[in-house]
Amino acid sequence: TLDNCIRYSRPEDRELSMCFNFHHLKVDYRDGDKWKLTEPDLVRLKQLFMEWQEGMERENGWNAVFWCNHDQPRAISRFGDDGRYWKESAKMLATVIHMFRGTPYVYQGEELGMTNAYFHKLEDYKDIESIQYYTELTDAGLMEPDYMMKCLMLRSRDNARTPMQWDDSEKAGFTDGEPWIKINPNCKEINAASQLDDPDSIFHYYQKLIALRKEKDIIVYGEFEPLCREDDQIFAYMRKLDEERLLTVCNFSEQSAEFEVPAEFEGSRCLITNLDRKVFKGKIVLKPYEAFVLYK
């Protein structure tokens, strides 16, 4: 609970330096069931992030902020678009949490925009949970095999456990032997080697976000003020530290969205953006998965 994590992570209590919570990773569970598919509830996602940002700040607790780990499917395949808007949505998701109060975590391959593997055969899965639920639910007649395979492609933990994609070779530069689980076939397009030399790559965007946190204390320690609380497309919030102000705006959708830039940010500097917008004034129309951060 929030109260427990506050007590664990307050410096004066000398227990832990930060806490992970997983509530935001259940917003696409229908009736709380991982194996009942539904689209992510963005408003609920925002509510949870805001509750933890505001609550931990108020009581001097400290969040670990993250999208991915070894027990979750890939965030870009879950909350973004791993097809048409692959690069834009990967950068947008990174922007959301790297401007939060707390310590952001980057899980292996997230900084490259690695996606779900979408294995089509049960024998390609190694995760005991995935195999067990598939067998139990189909044997009991509670789920059709085709539906359960779709569930595994979207929800299995193995999506986050495929080998790191270092280059476009047959084994993705991970091994010369046989890896313990199949390599995601999109390693030909998504790999570290291809992104190191591309200044517009997801990898270099993550580097910029990390550099900004080291440069500006407001990103780490500033007060958190949510905006657009009930908007089902836009995730926006402000940070405040003394006279400094920071505005983060992200479009969580493949649809355009209108946003009114607060007047106090007129003449502000854009610290980072995943697209090529030049004007940040008055009412603007956000492009699909657009994200930007303004500083004044």
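## Helix H2 against the sheet

In this predicted model, helix H2, which spans residues 42–58, lies across strand E5 and strand E6 (234–241), and the helix runs at about 155 degrees to E5.

## The five-stranded sheet

E5 and E6 belong to an open sheet of 5 strands, arranged in the order E5-E6-E7-E11-E9 with antiparallel pairing. Strand E5 (223–227) and strand E9 (269–273) stand at the edges with a single partner strand each, so one side of each is left without a neighbour in the sheet. On average, and with direction ignored, neighbouring strands of this sheet are turned by 20 degrees against each other. Strands of a sheet pair through backbone hydrogen bonds, in either a parallel or an antiparallel manner.

Moving through the sheet from E6, this strand is joined to E7 by 8 bridges, the two running antiparallel, and Tyr237 has Thr248 in E7 as its bridge partner. E6 and E7 form a hairpin with 2 residues between them, and Asp242 in the turn has a positive phi of about 55 degrees. Strand E7 itself, covering residues 244–251, is mostly covered, since 6 of its 8 residues are buried.

## Packing of helices H4 and H8

Helix H4 and helix H8 (residues 202–215) pack at an angle of about 15 degrees, with their axes 10 Å apart. Because angles under 35 degrees count as roughly parallel, H4 is described as roughly parallel to H8, and the crossing of the two helices is right-handed.

On the H4 side, the contact is made by Trp86, Lys87, Ala90, Lys91, Ala94, Thr95, Ile97 and His98, which meet Ile202, Tyr205, Tyr206, Leu209, Ile210 and Arg213 in H8. The residues of this contact divide into 9 nonpolar, 2 polar and 3 charged.

Leaving aside residues up to four places away in sequence, His98 touches Pro104, Val106, Tyr206, Leu209, Ile210, Arg213 and Ile219. Among these, Tyr206, Leu209, Ile210 and Arg213 are also listed on the H8 side of the contact between H4 and H8.

Conventions:
Residues are numbered from 1 along each chain as its sequence is written. This is a predicted model: local features need pLDDT of at least 70, side-chain atom pairs count only at pLDDT 80 or more; totals for chains, interfaces and linings use all residues. Side-chain values use heavy atoms; hydrogens and water are left out. Two strands pair if DSSP finds at least two bridges between them. Helices (H or I, at least four residues) and strands (E, at least two) are DSSP runs, numbered from the N terminus. Axes are lines fitted to C-alpha atoms, for helices over the stretch in contact, and angles run from 0 to 180 degrees between N-to-C directions. Contact means heavy atoms within 4.5 Å. Buried means under 20% relative accessible area, exposed over 50%, partly exposed in between (1.4 Å probe, protein chains only). Angles under 35 degrees count as roughly parallel, over 145 as roughly antiparallel, 65 to 115 as roughly perpendicular and the rest as oblique. A crossing is left-handed if the near helix is turned anticlockwise from the far one by less than a right angle, and right-handed if clockwise. Ala, Val, Leu, Ile, Met, Phe, Trp, Tyr, Cys and Pro count as nonpolar, Asp, Glu, Lys and Arg as charged, and the others, Gly among them, as polar.
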